[in-house]
Amino acid sequence: MNRYTVVTSRALAGFSLAALLASCGGGGGGEVSGSGTLSVACSGAQCGASDAQTYRGSGVGIWRYDNSDSGSGTSVPITLNGVGGRTVTLVFTNVSDRDASMPSISASVAAPPAMASKQARPDPAHVPGINQIPPHIRDYQPPIERASQATARQDRVAAAVRAAAEGDTREWQDSSGKAFQATLARRWAATDGRMLNIWVENGERGDAKVSEALLDNVKARFSSNQNSVYPIVTDLVGAPWGATVGSGYIGPEQDLHIVMSNLTPDGQPWGLIGYFFSANAFLKSYEQLSNEAVALFLDTETMYLGGEQGRNTGYTTLAHEMTHMVNFYQRAARTGVNPDNRFAVWLEETTAMMMEDVASGRVVPGFNPLRDADFGNWIHQSQNCDYIRQWDADVNSSCFSYPIAANFGGYLLRQYGIGFYRSLVRGTSSTDSFALLDQAIKQAGGSGARTALRDWGAALALLPATPPAGFGYPRRAQDGYDLPAIHGPDYASLRNLPSSAPSSLKASGHFPVVRRPAGATYTETVAVPAGSALTVVVQ
(Lines give C-alpha, C1' and ligand atoms only; values in the text may rest on other atoms or scores of the structure.)
Protein backbone atom coordinates (compact mmCIF):
# COMPACT_ATOMS: atom_id res chain seq x y z
CA MET A 1 0.00 0.00 0.00
CA ASN A 2 1.41 3.31 -1.04
CA ARG A 3 1.95 6.08 1.47
CA TYR A 4 -0.49 8.35 -0.32
CA THR A 5 -3.45 6.05 -0.78
CA VAL A 6 -6.93 7.56 -0.68
CA VAL A 7 -8.93 4.43 -1.42
CA THR A 8 -7.96 0.93 -2.44
CA SER A 9 -9.75 -2.22 -3.52
CA ARG A 10 -9.13 -3.56 -0.03
CA ALA A 11 -10.50 -0.44 1.63
CA LEU A 12 -13.59 -0.65 -0.61
CA ALA A 13 -14.14 -4.41 -0.63
CA GLY A 14 -17.64 -5.03 -1.98
CA PHE A 15 -18.05 -1.38 -2.92
CA SER A 16 -18.55 -0.86 -6.67
CA LEU A 17 -17.60 2.52 -8.07
CA ALA A 18 -17.83 1.97 -11.81
CA ALA A 19 -19.56 4.63 -13.86
CA LEU A 20 -22.13 6.83 -12.20
CA LEU A 21 -23.07 7.29 -15.81
CA ALA A 22 -26.24 9.30 -15.99
CA SER A 23 -26.53 10.60 -19.54
CA CYS A 24 -26.80 14.31 -19.01
CA GLY A 25 -25.49 17.38 -20.69
CA GLY A 26 -22.66 19.57 -19.50
CA GLY A 27 -19.68 21.56 -20.58
CA GLY A 28 -19.12 25.16 -21.23
CA GLY A 29 -20.28 25.29 -24.82
CA GLY A 30 -17.03 26.94 -25.91
CA GLU A 31 -16.44 28.28 -29.41
CA VAL A 32 -16.09 25.57 -32.06
CA SER A 33 -14.73 26.18 -35.54
CA GLY A 34 -13.43 23.95 -38.29
CA SER A 35 -13.54 20.18 -38.62
CA GLY A 36 -11.00 17.47 -37.93
CA THR A 37 -10.55 13.81 -38.77
CA LEU A 38 -9.50 10.87 -36.66
CA SER A 39 -6.40 8.91 -37.59
CA VAL A 40 -5.09 5.56 -36.42
CA ALA A 41 -2.81 6.00 -33.37
CA CYS A 42 -1.62 2.45 -32.72
CA SER A 43 0.35 -0.21 -34.55
CA GLY A 44 1.62 -3.73 -34.09
CA ALA A 45 0.07 -7.03 -33.07
CA GLN A 46 -1.95 -5.60 -30.18
CA CYS A 47 -3.47 -2.79 -32.26
CA GLY A 48 -7.11 -3.34 -33.23
CA ALA A 49 -7.45 -0.43 -35.65
CA SER A 50 -7.57 -1.49 -39.31
CA ASP A 51 -8.01 2.00 -40.68
CA ALA A 52 -9.42 5.36 -39.69
CA GLN A 53 -12.97 3.97 -39.54
CA THR A 54 -12.65 0.27 -38.79
CA TYR A 55 -12.03 -1.88 -35.75
CA ARG A 56 -10.65 -5.26 -36.82
CA GLY A 57 -12.49 -7.24 -34.18
CA SER A 58 -9.71 -8.00 -31.71
CA GLY A 59 -7.03 -6.20 -29.77
CA VAL A 60 -7.24 -2.57 -28.69
CA GLY A 61 -8.09 -0.01 -31.34
CA ILE A 62 -6.78 3.51 -30.73
CA TRP A 63 -7.50 6.59 -32.83
CA ARG A 64 -6.52 10.21 -32.30
CA TYR A 65 -7.17 13.80 -33.20
CA ASP A 66 -4.88 16.64 -32.07
CA ASN A 67 -6.35 20.14 -31.98
CA SER A 68 -3.34 22.43 -32.19
CA ASP A 69 -5.60 25.50 -32.45
CA SER A 70 -5.01 27.57 -29.32
CA GLY A 71 -8.17 29.61 -29.74
CA SER A 72 -11.19 27.39 -30.32
CA GLY A 73 -12.54 23.87 -30.29
CA THR A 74 -12.67 21.72 -33.41
CA SER A 75 -15.57 19.53 -34.47
CA VAL A 76 -14.54 15.91 -35.05
CA PRO A 77 -16.98 13.42 -36.59
CA ILE A 78 -16.41 9.84 -35.41
CA THR A 79 -17.57 6.81 -37.38
CA LEU A 80 -16.16 3.44 -36.36
CA ASN A 81 -17.32 0.15 -37.85
CA GLY A 82 -17.09 -3.32 -36.36
CA VAL A 83 -17.58 -2.19 -32.77
CA GLY A 84 -20.72 -4.15 -31.87
CA GLY A 85 -20.48 -5.49 -28.32
CA ARG A 86 -17.38 -3.41 -27.63
CA THR A 87 -16.70 -0.45 -25.35
CA VAL A 88 -15.72 2.89 -26.85
CA THR A 89 -13.90 5.30 -24.56
CA LEU A 90 -13.27 8.92 -25.50
CA VAL A 91 -10.47 10.63 -23.57
CA PHE A 92 -10.04 14.38 -23.96
CA THR A 93 -6.60 15.58 -22.80
CA ASN A 94 -5.47 19.17 -22.52
CA VAL A 95 -1.82 19.10 -23.53
CA SER A 96 -1.41 22.87 -23.25
CA ASP A 97 -0.32 24.89 -20.23
CA ARG A 98 -3.62 26.73 -19.81
CA ASP A 99 -7.22 25.73 -19.18
CA ALA A 100 -9.50 25.34 -22.21
CA SER A 101 -13.23 25.86 -22.53
CA MET A 102 -14.91 22.46 -22.76
CA PRO A 103 -17.64 22.27 -25.43
CA SER A 104 -20.86 20.48 -24.48
CA ILE A 105 -20.95 16.70 -24.61
CA SER A 106 -23.16 14.11 -22.97
CA ALA A 107 -21.53 12.23 -20.15
CA SER A 108 -20.83 8.51 -20.12
CA VAL A 109 -23.55 6.27 -21.47
CA ALA A 110 -23.26 2.73 -20.16
CA ALA A 111 -25.13 0.20 -18.08
CA PRO A 112 -23.68 0.53 -14.58
CA PRO A 113 -23.48 -2.50 -12.31
CA ALA A 114 -25.75 -2.59 -9.29
CA MET A 115 -24.43 -0.06 -6.80
CA ALA A 116 -23.57 -1.28 -3.35
CA SER A 117 -24.55 0.91 -0.45
CA LYS A 118 -22.02 3.70 -0.19
CA GLN A 119 -19.75 3.38 2.79
CA ALA A 120 -18.77 6.34 4.90
CA ARG A 121 -15.33 7.62 4.02
CA PRO A 122 -12.86 6.96 6.82
CA ASP A 123 -10.89 9.68 8.54
CA PRO A 124 -8.16 10.63 5.99
CA ALA A 125 -5.58 10.89 8.75
CA HIS A 126 -5.90 7.14 9.33
CA VAL A 127 -6.58 5.71 5.87
CA PRO A 128 -3.90 3.10 5.14
CA GLY A 129 -1.04 4.55 3.20
CA ILE A 130 -1.68 8.27 3.40
CA ASN A 131 1.41 10.20 4.41
CA GLN A 132 0.26 13.46 5.96
CA ILE A 133 3.31 15.63 5.25
CA PRO A 134 3.01 19.04 6.93
CA PRO A 135 3.28 21.88 4.39
CA HIS A 136 6.24 23.43 6.22
CA ILE A 137 8.28 20.30 5.39
CA ARG A 138 7.28 19.93 1.74
CA ASP A 139 7.40 23.68 1.02
CA TYR A 140 10.48 24.47 3.11
CA GLN A 141 12.64 27.23 1.69
CA PRO A 142 16.30 26.89 2.74
CA PRO A 143 17.99 29.98 4.22
CA ILE A 144 19.52 30.69 0.83
CA GLU A 145 19.98 34.41 1.15
CA ARG A 146 21.57 34.16 4.57
CA ALA A 147 23.86 31.36 3.42
CA SER A 148 24.88 32.92 0.12
CA GLN A 149 25.65 36.29 1.66
CA ALA A 150 27.63 34.99 4.61
CA THR A 151 30.99 34.51 2.93
CA ALA A 152 32.67 36.81 5.44
CA ARG A 153 31.40 34.91 8.45
CA GLN A 154 33.54 32.37 10.22
CA ASP A 155 30.87 29.79 10.99
CA ARG A 156 31.93 26.57 12.57
CA VAL A 157 31.62 23.46 10.43
CA ALA A 158 29.33 21.00 12.20
CA ALA A 159 30.96 17.71 12.92
CA ALA A 160 28.99 14.70 11.79
CA VAL A 161 26.56 13.33 14.34
CA ARG A 162 28.48 10.33 15.54
CA ALA A 163 28.04 7.69 18.17
CA ALA A 164 30.70 5.43 19.58
CA ALA A 165 28.44 2.44 19.96
CA GLU A 166 24.89 1.16 19.89
CA GLY A 167 23.22 2.23 23.10
CA ASP A 168 24.39 5.85 22.91
CA THR A 169 21.67 8.44 23.41
CA ARG A 170 21.26 11.92 21.94
CA GLU A 171 18.62 14.59 21.62
CA TRP A 172 16.75 15.03 18.35
CA GLN A 173 14.01 17.48 17.45
CA ASP A 174 11.08 16.97 15.14
CA SER A 175 10.21 19.29 12.27
CA SER A 176 8.36 21.66 14.60
CA GLY A 177 11.32 21.94 16.97
CA LYS A 178 10.00 19.64 19.71
CA ALA A 179 12.93 17.80 21.34
CA PHE A 180 13.03 14.12 22.30
CA GLN A 181 15.66 11.61 23.33
CA ALA A 182 16.54 8.65 21.12
CA THR A 183 18.92 5.74 21.51
CA LEU A 184 21.15 4.30 18.82
CA ALA A 185 19.76 0.82 18.08
CA ARG A 186 21.70 -0.23 14.97
CA ARG A 187 24.94 1.04 13.38
CA TRP A 188 26.60 -0.44 10.33
CA ALA A 189 28.48 0.46 7.16
CA ALA A 190 26.91 0.68 3.72
CA THR A 191 28.74 -0.86 0.77
CA ASP A 192 30.13 2.58 -0.13
CA GLY A 193 31.57 2.95 3.39
CA ARG A 194 29.07 5.48 4.72
CA MET A 195 27.97 4.71 8.27
CA LEU A 196 24.24 4.15 8.70
CA ASN A 197 22.39 4.50 11.99
CA ILE A 198 18.93 3.66 13.28
CA TRP A 199 17.79 5.65 16.31
CA VAL A 200 14.65 4.84 18.30
CA GLU A 201 12.82 7.36 20.41
CA ASN A 202 13.05 6.42 24.06
CA GLY A 203 9.88 4.64 25.14
CA GLU A 204 9.16 3.31 21.63
CA ARG A 205 11.39 0.23 21.75
CA GLY A 206 10.17 -3.13 23.04
CA ASP A 207 8.56 -6.43 22.05
CA ALA A 208 5.15 -4.81 21.49
CA LYS A 209 6.56 -1.72 19.80
CA VAL A 210 9.82 -1.41 17.87
CA SER A 211 11.08 -4.92 18.48
CA GLU A 212 14.55 -6.25 17.76
CA ALA A 213 13.12 -8.22 14.83
CA LEU A 214 11.55 -5.06 13.39
CA LEU A 215 14.84 -3.20 13.75
CA ASP A 216 16.63 -5.99 11.93
CA ASN A 217 14.06 -5.79 9.14
CA VAL A 218 14.41 -2.02 8.79
CA LYS A 219 18.18 -2.43 8.66
CA ALA A 220 17.94 -5.20 6.07
CA ARG A 221 15.45 -3.38 3.85
CA PHE A 222 17.45 -0.17 3.97
CA SER A 223 20.93 -1.55 3.36
CA SER A 224 21.94 -5.17 3.45
CA ASN A 225 22.55 -6.03 -0.22
CA GLN A 226 21.88 -4.61 -3.66
CA ASN A 227 18.14 -5.24 -3.25
CA SER A 228 17.71 -2.62 -0.53
CA VAL A 229 16.85 1.06 -0.43
CA TYR A 230 20.24 2.72 0.03
CA PRO A 231 22.11 1.07 -2.89
CA ILE A 232 19.11 1.40 -5.21
CA VAL A 233 18.61 5.12 -4.58
CA THR A 234 22.33 5.92 -4.75
CA ASP A 235 22.63 3.90 -7.97
CA LEU A 236 19.81 5.74 -9.71
CA VAL A 237 19.92 9.23 -8.21
CA GLY A 238 23.30 9.68 -6.54
CA ALA A 239 25.01 10.07 -3.18
CA PRO A 240 22.96 11.53 -0.30
CA TRP A 241 25.69 13.86 0.98
CA GLY A 242 29.25 15.07 0.46
CA ALA A 243 31.04 18.29 -0.41
CA THR A 244 28.84 21.38 -0.63
CA VAL A 245 29.04 24.77 -2.32
CA GLY A 246 28.17 27.85 -0.31
CA SER A 247 28.03 28.67 3.38
CA GLY A 248 25.57 27.41 5.91
CA TYR A 249 25.73 23.64 5.36
CA ILE A 250 26.93 20.96 7.73
CA GLY A 251 30.26 19.34 6.87
CA PRO A 252 30.83 16.89 4.01
CA GLU A 253 31.59 13.80 6.10
CA GLN A 254 28.23 12.64 7.39
CA ASP A 255 26.58 9.45 8.54
CA LEU A 256 23.02 8.81 7.38
CA HIS A 257 20.45 8.48 10.15
CA ILE A 258 17.03 6.84 10.29
CA VAL A 259 15.23 8.28 13.29
CA MET A 260 12.27 6.15 14.35
CA SER A 261 9.93 8.31 16.39
CA ASN A 262 6.24 8.44 17.28
CA LEU A 263 5.53 11.25 14.85
CA THR A 264 1.79 11.41 15.58
CA PRO A 265 1.27 9.87 19.04
CA ASP A 266 -2.40 8.89 18.77
CA GLY A 267 -2.24 5.12 19.24
CA GLN A 268 -2.94 4.47 15.55
CA PRO A 269 -0.87 3.81 12.43
CA TRP A 270 -0.70 6.12 9.40
CA GLY A 271 -0.96 9.89 9.61
CA LEU A 272 2.55 11.28 9.21
CA ILE A 273 4.46 8.14 8.17
CA GLY A 274 7.87 9.59 7.40
CA TYR A 275 9.72 12.57 6.04
CA PHE A 276 12.98 14.14 4.94
CA PHE A 277 13.39 17.74 6.13
CA SER A 278 16.13 19.65 4.33
CA ALA A 279 16.39 22.10 7.23
CA ASN A 280 18.46 19.46 9.04
CA ALA A 281 21.30 19.92 6.54
CA PHE A 282 22.05 23.47 7.74
CA LEU A 283 24.02 24.74 10.68
CA LYS A 284 21.93 25.85 13.62
CA SER A 285 23.37 29.34 13.19
CA TYR A 286 21.39 29.40 9.93
CA GLU A 287 18.40 27.24 10.85
CA GLN A 288 17.26 26.67 14.44
CA LEU A 289 15.10 23.69 13.40
CA SER A 290 18.19 21.82 12.21
CA ASN A 291 19.46 18.60 13.78
CA GLU A 292 22.70 19.19 11.86
CA ALA A 293 22.41 15.70 10.41
CA VAL A 294 21.55 13.86 7.20
CA ALA A 295 18.41 12.22 8.52
CA LEU A 296 15.20 10.42 7.56
CA PHE A 297 12.34 10.23 10.05
CA LEU A 298 10.01 7.21 10.22
CA ASP A 299 6.84 6.82 12.29
CA THR A 300 7.03 4.05 14.87
CA GLU A 301 3.28 3.47 15.31
CA THR A 302 2.78 2.83 11.61
CA MET A 303 5.53 0.22 11.72
CA TYR A 304 4.25 -1.72 14.74
CA LEU A 305 0.49 -1.09 14.58
CA GLY A 306 -0.04 -1.19 10.80
CA GLY A 307 0.75 -4.88 10.28
CA GLU A 308 2.47 -6.06 7.12
CA GLN A 309 0.83 -3.23 5.19
CA GLY A 310 2.31 -0.68 7.57
CA ARG A 311 5.78 -2.19 7.42
CA ASN A 312 5.78 -2.38 3.61
CA THR A 313 4.62 1.22 3.51
CA GLY A 314 7.44 2.20 5.84
CA TYR A 315 10.07 0.52 3.67
CA THR A 316 8.85 2.22 0.47
CA THR A 317 8.54 5.48 2.40
CA LEU A 318 12.27 5.27 3.07
CA ALA A 319 12.89 4.95 -0.68
CA HIS A 320 10.62 7.90 -1.41
CA GLU A 321 12.10 10.15 1.26
CA MET A 322 15.69 9.20 0.48
CA THR A 323 15.01 10.31 -3.10
CA HIS A 324 14.07 13.73 -1.72
CA MET A 325 17.26 13.65 0.36
CA VAL A 326 19.48 12.91 -2.64
CA ASN A 327 17.65 15.38 -4.87
CA PHE A 328 18.27 18.09 -2.30
CA TYR A 329 21.96 17.32 -2.04
CA GLN A 330 22.60 16.80 -5.75
CA ARG A 331 20.44 19.68 -7.02
CA ALA A 332 21.07 22.30 -4.32
CA ALA A 333 23.75 21.67 -1.71
CA ARG A 334 26.33 20.11 -4.04
CA THR A 335 26.02 22.82 -6.68
CA GLY A 336 25.32 25.82 -4.48
CA VAL A 337 22.32 27.23 -2.70
CA ASN A 338 20.51 28.12 -5.91
CA PRO A 339 16.77 27.46 -5.95
CA ASP A 340 16.74 27.28 -9.74
CA ASN A 341 18.57 23.95 -9.64
CA ARG A 342 15.80 22.26 -7.71
CA PHE A 343 12.79 20.52 -9.23
CA ALA A 344 9.39 22.18 -9.07
CA VAL A 345 7.27 20.43 -6.44
CA TRP A 346 5.30 18.38 -9.01
CA LEU A 347 8.45 16.88 -10.54
CA GLU A 348 10.14 16.50 -7.15
CA GLU A 349 7.22 14.43 -5.90
CA THR A 350 6.85 12.56 -9.21
CA THR A 351 10.47 11.39 -9.13
CA ALA A 352 10.02 10.21 -5.52
CA MET A 353 6.83 8.31 -6.43
CA MET A 354 8.67 6.76 -9.37
CA MET A 355 11.38 5.56 -7.00
CA GLU A 356 8.78 3.73 -4.92
CA ASP A 357 7.55 2.04 -8.11
CA VAL A 358 11.06 1.11 -9.24
CA ALA A 359 12.45 -0.04 -5.90
CA SER A 360 9.47 -1.86 -4.42
CA GLY A 361 9.93 -5.11 -6.35
CA ARG A 362 13.43 -5.56 -4.94
CA VAL A 363 12.91 -4.05 -1.50
CA VAL A 364 9.50 -5.66 -0.85
CA PRO A 365 9.06 -8.55 -3.34
CA GLY A 366 5.44 -9.05 -4.38
CA PHE A 367 4.41 -5.51 -3.45
CA ASN A 368 4.06 -2.59 -5.88
CA PRO A 369 2.46 0.69 -4.73
CA LEU A 370 1.31 1.69 -8.20
CA ARG A 371 -0.35 -1.62 -9.03
CA ASP A 372 -1.63 -2.28 -5.52
CA ALA A 373 -2.95 1.19 -4.69
CA ASP A 374 -2.24 4.26 -6.77
CA PHE A 375 -3.72 3.16 -10.08
CA GLY A 376 -7.04 2.51 -8.37
CA ASN A 377 -6.78 5.82 -6.55
CA TRP A 378 -6.16 7.74 -9.76
CA ILE A 379 -9.12 6.33 -11.69
CA HIS A 380 -11.35 6.72 -8.63
CA GLN A 381 -10.84 10.48 -8.30
CA SER A 382 -11.35 13.24 -10.82
CA GLN A 383 -8.91 13.23 -13.73
CA ASN A 384 -9.62 16.81 -14.78
CA CYS A 385 -6.72 18.09 -12.68
CA ASP A 386 -3.70 20.27 -13.31
CA TYR A 387 -1.14 18.70 -11.00
CA ILE A 388 1.75 20.46 -12.76
CA ARG A 389 0.64 24.04 -12.12
CA GLN A 390 -1.52 23.39 -9.05
CA TRP A 391 -0.05 20.79 -6.70
CA ASP A 392 -2.82 19.67 -4.33
CA ALA A 393 -1.76 17.78 -1.20
CA ASP A 394 -5.23 17.70 0.39
CA VAL A 395 -6.28 14.05 0.70
CA ASN A 396 -9.92 15.16 0.65
CA SER A 397 -9.51 16.87 -2.70
CA SER A 398 -10.88 15.34 -5.90
CA CYS A 399 -7.54 16.35 -7.44
CA PHE A 400 -5.20 14.83 -4.85
CA SER A 401 -1.88 15.12 -6.67
CA TYR A 402 0.10 12.17 -5.31
CA PRO A 403 -1.77 9.40 -7.18
CA ILE A 404 -1.69 11.53 -10.33
CA ALA A 405 2.08 11.87 -10.02
CA ALA A 406 2.46 8.14 -9.29
CA ASN A 407 0.49 7.17 -12.38
CA PHE A 408 2.13 9.59 -14.80
CA GLY A 409 5.53 8.56 -13.45
CA GLY A 410 4.64 4.86 -13.67
CA TYR A 411 3.56 5.30 -17.27
CA LEU A 412 6.82 7.08 -18.13
CA LEU A 413 8.91 4.37 -16.47
CA ARG A 414 7.21 1.56 -18.39
CA GLN A 415 7.44 3.38 -21.70
CA TYR A 416 10.95 4.84 -21.47
CA GLY A 417 12.81 2.72 -18.94
CA ILE A 418 15.34 2.93 -16.16
CA GLY A 419 17.89 4.88 -18.19
CA PHE A 420 15.28 7.56 -18.78
CA TYR A 421 14.66 7.83 -15.04
CA ARG A 422 18.37 8.12 -14.26
CA SER A 423 18.74 10.80 -16.93
CA LEU A 424 15.74 12.71 -15.62
CA VAL A 425 16.80 12.88 -11.98
CA ARG A 426 20.36 13.81 -12.90
CA GLY A 427 19.44 16.30 -15.64
CA THR A 428 20.63 19.90 -15.26
CA SER A 429 20.30 21.29 -18.77
CA SER A 430 17.37 23.52 -17.83
CA THR A 431 16.01 25.22 -14.72
CA ASP A 432 12.48 24.57 -16.00
CA SER A 433 11.18 21.23 -14.70
CA PHE A 434 8.80 20.61 -17.60
CA ALA A 435 11.60 21.30 -20.08
CA LEU A 436 13.83 18.82 -18.23
CA LEU A 437 11.15 16.15 -18.45
CA ASP A 438 10.57 16.93 -22.12
CA GLN A 439 14.28 16.57 -22.88
CA ALA A 440 14.61 13.32 -20.94
CA ILE A 441 11.69 11.78 -22.83
CA LYS A 442 13.12 12.84 -26.19
CA GLN A 443 16.55 11.46 -25.25
CA ALA A 444 14.83 8.15 -24.52
CA GLY A 445 13.26 8.08 -27.99
CA GLY A 446 9.88 9.63 -27.19
CA SER A 447 8.20 12.64 -28.76
CA GLY A 448 8.20 14.81 -25.65
CA ALA A 449 6.30 15.52 -22.46
CA ARG A 450 3.07 16.80 -24.00
CA THR A 451 2.78 13.77 -26.25
CA ALA A 452 3.40 11.57 -23.22
CA LEU A 453 0.61 13.34 -21.30
CA ARG A 454 -1.74 12.69 -24.19
CA ASP A 455 -0.91 9.03 -24.66
CA TRP A 456 -0.91 8.36 -20.91
CA GLY A 457 -4.54 9.46 -20.80
CA ALA A 458 -5.56 6.39 -22.83
CA ALA A 459 -5.00 4.34 -19.67
CA LEU A 460 -8.31 5.73 -18.38
CA ALA A 461 -9.94 3.32 -20.83
CA LEU A 462 -8.65 0.50 -18.58
CA LEU A 463 -6.17 -0.96 -21.05
CA PRO A 464 -5.04 -4.56 -20.66
CA ALA A 465 -1.64 -5.66 -19.37
CA THR A 466 -0.46 -6.11 -22.98
CA PRO A 467 -1.59 -2.87 -24.67
CA PRO A 468 -0.47 -1.51 -28.04
CA ALA A 469 3.05 -0.09 -28.00
CA GLY A 470 3.28 3.34 -26.42
CA PHE A 471 0.16 2.98 -24.28
CA GLY A 472 -0.82 1.71 -20.86
CA TYR A 473 1.31 -0.03 -18.28
CA PRO A 474 3.02 -3.11 -19.75
CA ARG A 475 5.57 -4.99 -17.69
CA ARG A 476 9.13 -3.70 -18.07
CA ALA A 477 12.12 -5.64 -16.79
CA GLN A 478 15.38 -3.75 -17.29
CA ASP A 479 18.75 -3.31 -15.61
CA GLY A 480 17.77 -5.54 -12.70
CA TYR A 481 14.48 -3.74 -12.04
CA ASP A 482 11.08 -5.31 -12.72
CA LEU A 483 8.09 -3.01 -13.13
CA PRO A 484 4.88 -5.09 -13.11
CA ALA A 485 2.15 -4.68 -15.68
CA ILE A 486 -1.18 -3.16 -14.74
CA HIS A 487 -4.27 -4.88 -16.14
CA GLY A 488 -6.83 -2.12 -16.35
CA PRO A 489 -10.00 -4.27 -16.41
CA ASP A 490 -9.15 -5.51 -12.90
CA TYR A 491 -9.94 -2.00 -11.62
CA ALA A 492 -13.32 -1.48 -13.30
CA SER A 493 -15.18 -1.33 -9.98
CA LEU A 494 -12.96 1.55 -8.82
CA ARG A 495 -13.24 3.76 -11.88
CA ASN A 496 -15.38 6.82 -11.14
CA LEU A 497 -16.52 8.31 -14.44
CA PRO A 498 -17.84 11.89 -14.32
CA SER A 499 -21.61 12.33 -14.47
CA SER A 500 -21.35 15.57 -16.44
CA ALA A 501 -18.83 17.41 -18.54
CA PRO A 502 -16.74 20.18 -16.95
CA SER A 503 -17.00 23.79 -18.05
CA SER A 504 -13.25 23.79 -18.69
CA LEU A 505 -10.61 21.18 -19.33
CA LYS A 506 -7.72 21.87 -16.99
CA ALA A 507 -4.19 22.17 -18.31
CA SER A 508 -2.68 18.65 -18.24
CA GLY A 509 -6.13 17.31 -17.31
CA HIS A 510 -8.20 14.49 -18.78
CA PHE A 511 -11.93 13.98 -19.28
CA PRO A 512 -13.06 10.43 -20.13
CA VAL A 513 -16.47 9.32 -21.37
CA VAL A 514 -17.66 5.82 -22.21
CA ARG A 515 -20.00 4.65 -24.98
CA ARG A 516 -21.50 1.19 -25.47
CA PRO A 517 -22.67 1.03 -29.13
CA ALA A 518 -25.88 -0.94 -29.64
CA GLY A 519 -25.01 -1.83 -33.22
CA ALA A 520 -21.97 -2.59 -35.30
CA THR A 521 -21.25 1.08 -36.03
CA TYR A 522 -20.61 3.88 -33.59
CA THR A 523 -21.21 7.43 -34.82
CA GLU A 524 -20.89 10.67 -32.89
CA THR A 525 -19.55 14.15 -33.53
CA VAL A 526 -17.64 15.74 -30.67
CA ALA A 527 -15.77 19.00 -30.23
CA VAL A 528 -12.15 18.85 -29.11
CA PRO A 529 -11.13 21.85 -26.96
CA ALA A 530 -8.40 24.24 -28.06
CA GLY A 531 -4.89 22.93 -27.42
CA SER A 532 -6.23 19.49 -26.60
CA ALA A 533 -6.31 15.98 -28.01
CA LEU A 534 -8.99 13.34 -28.42
CA THR A 535 -8.03 9.70 -27.97
CA VAL A 536 -10.63 7.08 -28.92
CA VAL A 537 -10.16 3.57 -27.56
CA VAL A 538 -12.14 0.48 -28.60
CA GLN A 539 -11.77 -2.85 -26.86
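In what order do the five strands of the open sheet run? Hi everyone, let's start there. The order is 2-5-20-7-18, and the pairing is antiparallel. Strands here are DSSP runs of E with at least two residues, helices are runs of H or I with at least four, and both are numbered from the N terminus. Two strands pair if DSSP finds at least two bridges between them.

A quick word on the source: this is a predicted model, where local features need pLDDT of at least 70, side-chain atom pairs count only at pLDDT 80 or more, and totals for chains, interfaces and linings use all residues. Residues are numbered from 1 along each chain as its sequence is written, and side-chain values use heavy atoms, leaving out hydrogens and water.

Back to the sheet. Strand 7 (residues 88–94) joins strand 18 through six antiparallel bridges, and there L90 sits opposite V513 of strand 18.

Now look at helix 11, residues 449–456: this helix lies across strands 5, 7, 18 and 20, at about 135 degrees to strand 5. Angles run from 0 to 180 degrees between N-to-C directions, with axes fitted to C-alpha atoms, for helices over the stretch in contact. Contact means heavy atoms within 4.5 Å.

Finally, a helix pair. Helix 8 (residues 369–380) packs against helix 9 (residues 401–426) at about 120 degrees, and their axes are 8 Å apart. Which residues of helix 8 make the contact? They are L370, D374, F375, N377 and W378, and helix 9 brings P403, I404, A406, N407, G410 and R414.
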